[in-house]
Amino acid sequence: MDVLDRRFLFVVGKGGVGKTTVATGLALAASRRGKKVLLALVNCKERVSQLLDTEPIGPAIVTVRENLDVVNMTPDAALEEYGLMILKVRAIFNAVFKNKLVRAFLKGTPGLEAWSMLGKAFYHACPPSGDPDYDLVILDAPATGHALDMLRVPFVIESVAPPGILRRDAARAVNMFRDPERAGAVLVTLPEYMPVSETIELSTALTNELRVPVLQLVINRVLNPLFSEDERPIIGELLSQLPEDSEIRGLALAGKRRVLRETVQARAITRVRDHIDAPCSELPYYRSVEHDTAAIEALSEAVLRIV
């Protein structure tokens, strides 16, 4: 089953690994297939407008491509929209959510702001009645620790909240998020020690604690190896064998550094793939991805190529 055949995807990883780029690539790929897609950002410094050469993305849903909408959710805006989705009538919403005491209570309720954003995204993929607004919702989640905190919220609400709308919606979300036919996580990492270690821990938490399926692993910014495994020791030792006045010492130093990077990369890729049993794609480093829309289009095709 293709990763894009689900209704809800979490794109998760350590900060700085390229989550937003991968999420945007997945959204573009799905929209090209004719799916109606919502790319939901979580109160972040958004980069999608740079990637797609559009106006800045705010808390209102905007259409940026055919079949592709984007929103940068904020807690206040998401809570208002989520409240309207539940209460249906703005007059009732205003009477409840505009009340100062109620707003103070909501602000002070642990996890409710996170659930307002996650719940809003979930509602677009799985409303309680009628057809969904979108065929696929892709959540560009916060960095690893904050993402896990957000994902834990509906599970906690389902366990401790009294019967009512909030608990009902949380239970529906939990059922979807745990269903590998409808939802799951796409993990993004770099071929380096620290991101790989954090990705392995993230995968373990998702699988063992939350029972959210890991659908795909994306290793971003993979160097194209210049040297084979047999050649690396030779190139690595070359500098130490040259005289101080050798004209190729600079070249040998560059070769040694490249060998080191390729060795670290190879070990990191082997380690993460040994620990995470999921289809894997490896993306090259697209240097112009934020300045050339052709680069993000190329990435959107590469992200679906399993290696």
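This report looks at one helix and a few paired strands.

The model is predicted, so local features need pLDDT of at least 70 and side-chain atom pairs count only at pLDDT 80 or more, while totals for chains, interfaces and linings use all residues. Residues are numbered from 1 along each chain as its sequence is written, and side-chain values use heavy atoms, with hydrogens and water left out.

Let's start with the helix. Helices (H or I, at least four residues) and strands (E, at least two) are DSSP runs, numbered from the N terminus. Helix α1 covers residues 19-32, and its 14 residues should span 20 Å at 1.5 Å a residue. That expected span is 1.5 Å times one less than the number of residues. Because 13 of its 14 residues are buried, α1 is largely enclosed by the rest of the structure. Here, buried means under 20% relative accessible area, exposed over 50%, and partly exposed in between (1.4 Å probe, protein chains only). After α1 comes Gly34, with a positive phi near 90°.

Now for strand β2, residues 37-42. Six of its six residues are buried, so β2 is largely enclosed too. Both faces are covered: Val37, Leu39 and Leu41 lie on one side, with Leu38, Ala40 and Val42 on the other.

Which strands pair up? Two strands pair if DSSP finds at least two bridges between them.

| Strands | Sense | Bridges |
|---|---|---|
| β2 and β4 (residues 68-73) | parallel | six bridges |
| β2 and β5 (residues 136-143) | parallel | five bridges |
| β1 (residues 8-13) and β5 | parallel | five bridges |

Zooming in, Ala40 stands opposite Val71 in β4. In β5, Leu38 has Val137 as its bridge partner, and Phe10 stands opposite Leu139. Seven of the eight residues of β5 are buried, so this strand is largely enclosed by the rest of the structure.
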